[in-house]
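Hello,

Please find the structure below. My notes on it follow.

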Amino acid sequence: METKEIKRNPAYQFVSTDTNGIISDLIEGYELIMKSTVRPASPEMQLIRWVAHIIIQERMLNNWTGNQNIPSRADGANLDALAELTYIQSRPPAKPAACKMRFEISQPQEQAILIPAGTRVTDSSNTLVWETLEDHYVTAGQSSIEAEVRCQTPGIVGNGYAAGQINTLVDVYEYYSKCTNTNVSDGGSDVPTDEEYYELMRASMDAYSCAGARGAYIYWAMQVSTEIADVAASSPTPGVVKIYVLMDDGTLATEEIKSKVLAACSADERRPLTDLVTVEDAELVPYDIQFTYYTNRSSNQSGAEIAAAVQAAVDKYIAWQCGKLGRDINPSKLISLLMQTGVKRVDLASPAFTHLQDGNQTLNADMSYDPAEAVPQVARVMHVTIHNGGYEDE
């Protein structure tokens with residue numbers, strides 16, 4: 001899957017950097033002062049060209065400096081400095097992944113067995129190290145306990161460890177028998193890129209309100225991880241807020257991510273007392289891709305090149321289609337991508353255009369919302385069938 005695409009504004013040109021225009025102005029000024037004509041190969045012309053080069057460099061620096069004072073165009077540390085203009089004051093740090101770990105002892109004991117905070121575990125290859133966050137006890141008469149462990153290395157590197165992969169204890173406790181993670185590790189995220197950070201800065205303006213604004217819930221949910229691609233918030237009934245999260249790869253959020261989103265959106269200083277907040281899954285809408293493509297007989301591309309380009313276009317479409325909650329299933333987008341591969345024409349059998357709900361409810365005349373519109377939908381490809389129809393004449 002492709003990562004989400006965020007586009008900021010292109011650089012703004014505060015002053016002209018047209019070389020020909022600057023040279024013309026310099027020639028005009030020189031001839032006016034010196035009362036003589038500047039010849040193309042004269043020393044004066046060489047000097048003017050050198051001066052124009054210096055002016056162009058200075059103007060480019062001026063344009064760059066001006067753009068670094070605009071959040072939608074600033075980069076790196078300059079963008080960090082501009083964060084003081086918004087609610088979010090600093091770029092969020094990388095966050096570590098976490099998962100549930102079952103710690104077992106050899107047999108139940110008459111007293112509780114301590115598993116201290118900071119107890120470390122790892123996988124069989126000792127790739128990453130994880131640790132418990134607080135003291136836990138295997139209660140008397142029990143032989144195991146589940147506790148959350150957090151990766152010591154922040155970032156997405158800790159995501160995706162399947163249940164059972166983290167199974168090696170580093171710090172042995174009394175009566176230790178074995179340990180294993182019971183769910184897939186998730187929740188790790190890297191430091192936001194400039195594009196992601198800019199979007200957070202924009203969204204943070206909604207966070208000033210604690211009145212239950214849709215944008216505020218979306219902002220706090222997006223703060224959880226840079227791996228979140230889209231968030232929808234809706235209220236099917238008064239006082240109830242449901243939040244839906246979509247990840248970068250087009251999948252629904254894992255339980256680990258959903259629990260973190262719920263915690264982020266349920267804090268007392270962020271959630272109105274009248275709101276009951278839950279995090280749920282969007283509705284998956286299945287669709288198939290089936291088409292036949294034909295190649296122009298006079299094409300300069302080989303059949304293998306065309307086939308590879310067609311497959312790449314289909315992959316790009318699938319990633320785009322599931323990249324946003326409520327994005328309509330749009331066959332026109334697929335055809336557009338396929339026609340850029342060099343094929344002559346496409347005979348598309350499926351998908352058909354399908355409108356999807358985005359979770360934004362319509363306000364009725366009685367100031368109520370339609371609950372049927374509350375659950376956002378996201379497209380999910382099921383079967384892909386590509387037929388090569390061979391060559392055709394122009």
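**Notes on the model**

Phenylalanine 14 sits in the segment that comes before helix 1 (19–34). Please keep in mind that the model is predicted. With a relative accessibility of 43%, phenylalanine 14 is classed as partly exposed, because that class covers values between 20% and 50%. Together with Tyr12 and Val15, Phe14 makes a nonpolar surface patch of about 280 Å².

Threonine 132 belongs to strand 4, which covers residues 129–132. Is threonine 132 buried or exposed? Its relative accessible area is 3%, so threonine 132 is buried, the cut-off for that being under 20%. The side chain of threonine 132 comes to 2.9 Å from the backbone oxygen of proline 116. If neighbours within four places in sequence are left aside, the contacts of threonine 132 are Phe103, Pro116, Ala117, Gly118, Thr119, Glu148 and Val149.

Helix 7 runs over residues 303–321, 19 residues in total. From its first C-alpha to its last, helix 7 reaches 27 Å, close to the 27 Å expected at 1.5 Å a residue. The buried residues of helix 7 include Ile306, Val310, Ala313, Val314, Tyr317 and Ile318. An α-helix has 3.6 residues a turn, so residues three or four places apart point the same way. Ala319 and Gln321 are also among the buried residues of helix 7.

What do the buried residues of helix 7 pack against? Their partners are strand 12 (283–296), helix 8 (331–339) and strand 14 (377–392).

Regards

Definitions and conventions:
Residues numbered from 1 in each chain as written. Predicted model: local features only at pLDDT ≥ 70, side-chain atom pairs only at ≥ 80, totals over all residues. Heavy atoms only, no water. Helix = DSSP H or I, 4+ residues; strand = E, 2+ residues; numbered from the N terminus. Buried < 20%, exposed > 50% of the residue type's maximum accessible area, 1.4 Å probe, protein only. Polar contact = N/O pair within 3.5 Å; in protein donor to acceptor, adjacent residues only side chain to side chain. Contact = heavy atoms within 4.5 Å. Expected span 1.5 Å × (residues − 1). Patch = residues over 30% accessible without salt bridge, like charges linked within 9 Å, V, L, I, M, F, W, Y side chains within 5 Å. Areas by Shrake-Rupley, 256 points an atom, 1.4 Å probe, with all protein chains shown as cover. Salt bridge = Lys/Arg side-chain N within 4 Å of Asp/Glu carboxyl O.
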